[in-house]
Amino acid sequence: MSTTSSHTAAVTVATLRKLKRNGEKIACLTAYDASFAAMVDGAGVEVVLVGDSLGMVVQGRETTVPVSMDDMVYHSRAAARGQRRALLMVDMPFMSYATPAQALLNAARLMQEGGAHMVKLEGGAIQVDTVSNLTARGIPVCAHLGLQPQSVHRLGGYRVQGREAAAAEAMLQDAQALQEAGADVLILESVPSALAARITAQMTIPVIGIGAGPDCDGQVLVLYDMLGITQGKTPKFARNFMPGHDNVQAAMAAYVEAVKSGTFPAPEHCFD
Ligand code: KIV
């Protein structure tokens, strides 16, 4: 078996770190089934995210809160069958990681039954023990700060996070603590661009933004937003890449190109 890396070598945590070190942007899109995972992977993203956003865009629910472990395993397994090269990141759903022990069992399920390469969970300091418990056992983890959609009922809506000085400072500290606990990647959602730039600069792990400005190490969008097929209101940070393209694959390739070249996100997709 050859160990020589090639253009099509599988993306790993080490690949993502190298991209950050080299200042090359990381492209990520969500996918929830084999066909879209294959297309997204073929478009050249480094990370396919089976997000619990599937609760809203696939299941038609109001929030991600009702999404279950069985839902995530089902969609992860389907996406895993489609994707080839990208790293498959899978969300841990609401209350599936309320304790470190519960998180370990459920993350193992996502990897063994769902084919996940990395699990993602929302939360700051409160997740430090869970992150160190998972990563010490060989489970790669993506932490998720800023707007945490599983907490929408506590937050009272999908609002930009970290605008006040104290909240910004807490986010910087949470990011550092999660990195020290072993987190491999950080996602920042709906965060002022200047704060996201500060966090990205202080971290050695890659930081992927969604509504977090142009200075993150990479970008992620919900696939249905990127294709302009989300029902109802789309977030300010989303861009529909279909206009100007006559097929889905071309729109996905345009998204990857825009992330790589830094033309997405533009100022109208960002928060102050
Ligand atoms: O569930 C999801 O799709 C996500 C992204 C919005 C980052 O968490």
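A strand, as I use the word today, is a DSSP run of type E with at least two residues, and strands are numbered from the N terminus. What I am showing is a predicted model. I will start with the ligand, go on to the pocket and the cavity, and end with some backbone details.

Now the contacts. The side chain of Ser 53 has an N or O atom 2.6 Å from an oxygen atom of the ligand. For Asp 52, a polar side-chain atom is 3.0 Å from a ligand oxygen. Asp 91 also places a polar side-chain atom by a ligand oxygen, here at 3.1 Å. How much of the ligand does the protein bury? On its own, the ligand exposes 260 Å², and 95% of that is buried by the protein.

Where does the ligand sit? It is in the largest pocket, which contains about 890 Å³ of space. The lining of this pocket comes to 38 residues. Nearest the pocket centre are Met 56, Tyr 158, Asp 225, Pro 235 and Phe 237. As for secondary structure, at least two lining residues come from each of helix H3 (54-57), strand E4 (118-122), strand E6 (185-189) and helix H10 (223-226). By class, the pocket lining has 16 nonpolar residues, with 11 polar and 11 charged.

Next, the cavity. How many cavities of 30 Å³ or more does a search of the whole structure find? The search finds 1. The largest cavity has about 30 Å³ of space. Its lining includes Ile 210, Gly 211, Ala 212 and Gly 213, as well as Gln 219, Val 220 and Leu 221. Phe 237, Phe 264, Pro 265 and His 269 also belong to this lining. Strand E8, residues 218-221, contributes the most, with 3 residues. By class, the cavity lining has 7 nonpolar and 4 polar residues, and no charged ones.

Which residues have a positive phi without being glycine? Met 95 has one, at about 65°. This residue is in the loop from strand E3 (87-91) to helix H5 (100-112). Ser 190 has a positive phi too, at about 50°. Ser 190 is in the loop linking E6 with helix H9 (193-202).

Methods
Residues are numbered from 1 along each chain as its sequence is written. This is a predicted model: local features need pLDDT of at least 70, side-chain atom pairs count only at pLDDT 80 or more; totals for chains, interfaces and linings use all residues. Side-chain values use heavy atoms; hydrogens and water are left out. A polar contact is a pair of N or O atoms within 3.5 Å; within protein, one must be able to donate a hydrogen and the other to accept it, and residues adjacent in sequence count only if both atoms are side-chain atoms. Accessible areas come from the Shrake-Rupley method with a 1.4 Å probe; for residues, only the protein chains shown count as cover. On a 1 Å grid over the protein atoms alone, a cavity is a set of points where a 1.4 Å probe fits but cannot get out, and a pocket is an open set with protein on both sides within 12 Å along at least five of seven lines; lining residues have an atom within 4 Å of a point. A molecule sits in a cavity or pocket if more than half of its atoms lie within 2 Å of its grid points. Grid points are joined across faces, edges and corners, and a volume is the space filled by probe spheres set on the points. Helices (H or I, at least four residues) and strands (E, at least two) are DSSP runs, numbered from the N terminus. Ala, Val, Leu, Ile, Met, Phe, Trp, Tyr, Cys and Pro count as nonpolar, Asp, Glu, Lys and Arg as charged, and the others, Gly among them, as polar.
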